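Work through the exercises below with the model open. Try each task before reading its solution.

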Amino acid sequence: MSLPSFQAAVVVEKVGGPEVLEHRTDYPVPTPGEGQVLVKNTVSGINFIDTYFRTGLYPSSKPEVLGREAAGAIVALGPNTDKYQLKVGDRVVWLGPSAYAEYTAVSAAKAINIPHGLSEEIAAASFMSGLTAITLTQETYEVQKDDWVLLHAAAGGVGILLAQVLKYLGANIIATTGGKEKVALVKRLGIDHAIDYRSEEGKDWVKLVKEITNGNGVDVVFDSVGKDTWEGGLEVIKRKGTIVWFGNSSGPVPPLPLPRLSAKCIKIARPSLLGYIETREELEYYCNQLFRLLTSEKVKVQIHNIYPLTKVRQAHQDLEGRKTTGKLLLNVST
């Protein structure tokens, strides 16, 4: 098929706020290199990690096209991609850089065929978030039936899927979120203990968690908030419990003295999804689990909004302003 020379993309020339997100229509369409496929994207996922690269919290070379996941169709194959059994026309969901664009040259090793019956929107909305939820509950801390779990940001893109995975595993879940609407959403997921940290009572969520657990505390904390919640996590974790910090939506966890962990023999983890899916075999293993949960409707995706590419600044403002529930997507197709 004939491919254009230029495309629409969101380019960041320098670090900063949403104002540095530049929508361009003259960005070159890449040629797939060694081990790459060229994907014409339909939708791109918006994740908090994108704001970290935009602001410089996570260093990266500029200029760059933001975005770390998308779904679409393969339109060209680069050299040495045969072993991945991908072909032109395949619908795929993928992980990698430069997703806020119509076309991306993607590592074939990180592109997976979308199962029949799943839309590209659902695939993109669940991919990074869903894989994060599954690997956190299997590798970072293996959740057992009846474990007590504290889940922060339960109405976010990862939080909604993580809550459902925890429910599927039979955990006792205490979820925190901000606002009555988000609390209602979390309760619709079947979570019995939902705390509105914006309410007068919920501001002291540490006290509430202790009351719910009869003073015993929780077995594990899954915390993507960071700066605002890390100290409370140390208070509510039980002896020999595990705290998992996997995000920084309020800012990073500051350096802490290790002796703070010793009294309760606390274990701390700071995982990264890519570290769990480094090999093709690992990626396929966890993707198969995710797709089974989605197709069996054990886990359902909540899409907050699909923004046009021209509204990417608004999408980032909404995400950082905690005005959203579930996943945000960009419509990058033309």
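The exercises go from the whole chain to single residues.

This is a predicted model, where local features need pLDDT of at least 70, side-chain atom pairs count only at pLDDT 80 or more, and totals for chains, interfaces and linings use all residues. Residues are numbered from 1 along each chain as its sequence is written, and side-chain values use heavy atoms, with hydrogens and water left out.

**Exercise 1. Overall build**

Task: Describe the secondary structure, the extent and the burial of the protein.

Solution. 
- Step 1. Count the elements: the protein has ten helices and 16 strands. Helices (H or I, at least four residues) and strands (E, at least two) are DSSP runs, numbered from the N terminus.
- Step 2. Compare the radius of gyration, taken over C-alpha atoms, with the globule rule of 2.2 Å times the number of residues to the power 0.38. The radius is 20 Å, close to the 20 Å that the rule gives for 334 residues, so the protein is as compact as a globular protein of that length.
- Step 3. Box the C-alpha atoms along the principal axes: roughly 65 × 40 × 35 Å.
- Step 4. Check burial: 54% of the 334 residues count as buried. Buried means under 20% relative accessible area, exposed over 50%, and partly exposed in between (1.4 Å probe, protein chains only).

**Exercise 2. Domains**

Task: Locate the domains and say how they meet.

Solution. 
- Step 1. Read the bounds, which come from an automatic or database domain assignment. Domain 1 covers 6-128 + 278-331, and domain 2 covers 141-270.
- Step 2. Take the C-alpha centres of domain 1 and domain 2: they lie 28 Å apart.
- Step 3. Look for contacts, meaning heavy atoms within 4.5 Å. Here 17 residues of domain 1 touch 20 residues of domain 2.

**Exercise 3. Helix 1 and what follows**

Solution. 
- Step 1. Helix 1 (residues 48-55) buries D50, T51, Y52, F53 and R54.
- Step 2. These buried residues pack against strand 1, strand 2, strand 3 (36-46), strand 4 and helix 10.
- Step 3. Just after the helix, G56 takes a positive phi of about 90 degrees.
- Step 4. The K62 to P63 peptide bond is cis, with omega near 0 degrees. P63 sits in the loop between helix 1 and strand 4.

**Exercise 4. Single residues**

Task: Is D318 buried or exposed, and which residues does D318 contact beyond its sequence neighbours?

Solution. 
- Step 1. D318 belongs to helix 10 (residues 312-320).
- Step 2. Its relative accessibility is 11%, so D318 counts as buried.
- Step 3. Leaving aside neighbours within four places in sequence, D318 is in contact with Y307, K323 and T324.

Task: Where does N214 lie, and is N214 buried or exposed?

Solution. 
- Step 1. N214 is in the loop between helix 5 (205-212) and strand 12 (218-223).
- Step 2. Phi of N214 is positive, about 55 degrees, although N214 is not a glycine.
- Step 3. The relative accessible area is 69%, so N214 is exposed.
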